[in-house]
Amino acid sequence: MDNFSIGYANIALVKYWGKKSKNPVLPFNPNISLRLDSLYSKTKIEKSSSGYDEFYINDKKQSDKEVSKIINFIDKFVPSKRERIKIISYNTVPTAAGLSSSSSGTMALVIACNEYFKLNKSTEQLIKIAKEGSGSSCRSFFKMASWLEDGTVKEIKCNLDLAMFILVVSEDIKEISSREAMERCVKTSTNFKEWTETAKKDFDSMISAIEENNFTKIGKITESNALAMHSTTKCATPSFSFLTEESYEAMDIVKKIRNSGIECYFTMDAGPNVKVLYQKKDHDKLYEEIKYLWKKKIIQCMV
Ligand code: 2P0
């Protein structure tokens, strides 16, 4: 054991997009996610030898701004009289590229703090804490999870063997953080109300689709919900988009493969990368097709 705590990335099938309340963090609409166990962060905490709090991601010393951001969060739930610490974190997920690094990073950090400061918190308490660091991280504690408007996080049972590929458009840090983007959409998007209503219906339909083991229905909702979320960015002031021409090319590839008979569906988050949802039984033939049509990086994600 190397004393690292692990946190996983998760990708929403029905997105969380907008905070109804910031303290505590509550989503405007219920949302649901699939955890990607092969995309994770690992974090450990040691006593700092410099006399200052320090924070490293993938061996890179983080700026004072990043240190104070993480310390402000930690100081809300660790003992107020504490020694200076060194937070060492590794991401297998590219950081801040719309690949859910904040959910895996926050989950790993909260668990690492629980260990280091001997907080003895229950999973339920850790979930509650994680949410205040990154809303979506509360869903990473379960393979499939829902997060409701009243703050409840629940495990969802799913009998289907689902998996995802990521068609990587860019691993660069996004220009606008998801937090800032979400806030702008809540405040200014002319179709924000319509989004929350659509997302609530999508959530109910998604729950039934999962109960019915209906992959076609799950996939269709996943795609239309992602497009609905992204349309709020276009109707914001100033308007913006996470998606690039290459994102649209990747979506076209997914549609083309689907029309050829291999069932798969796309979804996109706060970045240009395109995730492809499929059933594990289709892995080999789908991978062959994707490799042939998508010439850039492909990440295979284990669920
Ligand atoms: C999601 N995203 O449901 C949505 C879809 C991005 C697009 O949750 O402000 O880092 O820390 O609560 O959790 C990313 O937002 O935002 C996110 P905060 P978080 O996965």
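The protein carries 46 positive and 39 negative side chains, and the centres of these two sets lie 3 Å apart. The structure is a predicted model.

In secondary structure, the chain contains eight helices and 13 strands. The radius of gyration is 19 Å, close to the 19 Å that the globule rule gives for 303 residues, so the protein is as compact as a globular protein of that length. Along the principal axes, the C-alpha atoms fill a box of roughly 60 × 40 × 35 Å.

Whole-protein values are listed below.

| Property | Value |
|---|---|
| Share of the 303 residues that count as buried | 56% |
| Share of contacts between residues at least 6 apart in sequence that join residues at least 24 apart | 74% |

Strand β1 spans residues 5-14. How many of the 10 residues of β1 are buried? Eight of them are, so β1 is largely enclosed by the rest of the structure; buried here means under 20% relative accessible area. The pairing partner described for β1 is strand β4, which covers residues 31-47. These two strands run in the antiparallel sense and are joined over nine bridges. Within this pairing, S5 stands opposite T43 of β4.

Methods: Residues numbered from 1 in each chain as written. Predicted model: local features only at pLDDT ≥ 70, side-chain atom pairs only at ≥ 80, totals over all residues. Heavy atoms only, no water. Helix = DSSP H or I, 4+ residues; strand = E, 2+ residues; numbered from the N terminus. Rg over C-alpha atoms; globule rule 2.2 N^0.38 Å. Buried < 20%, exposed > 50% of the residue type's maximum accessible area, 1.4 Å probe, protein only. Contact = heavy atoms within 4.5 Å. Lys, Arg positive; Asp, Glu negative; His and termini not counted. Charge placed at Lys NZ, Arg CZ, Asp CG, Glu CD. Pairing = 2+ DSSP bridges.
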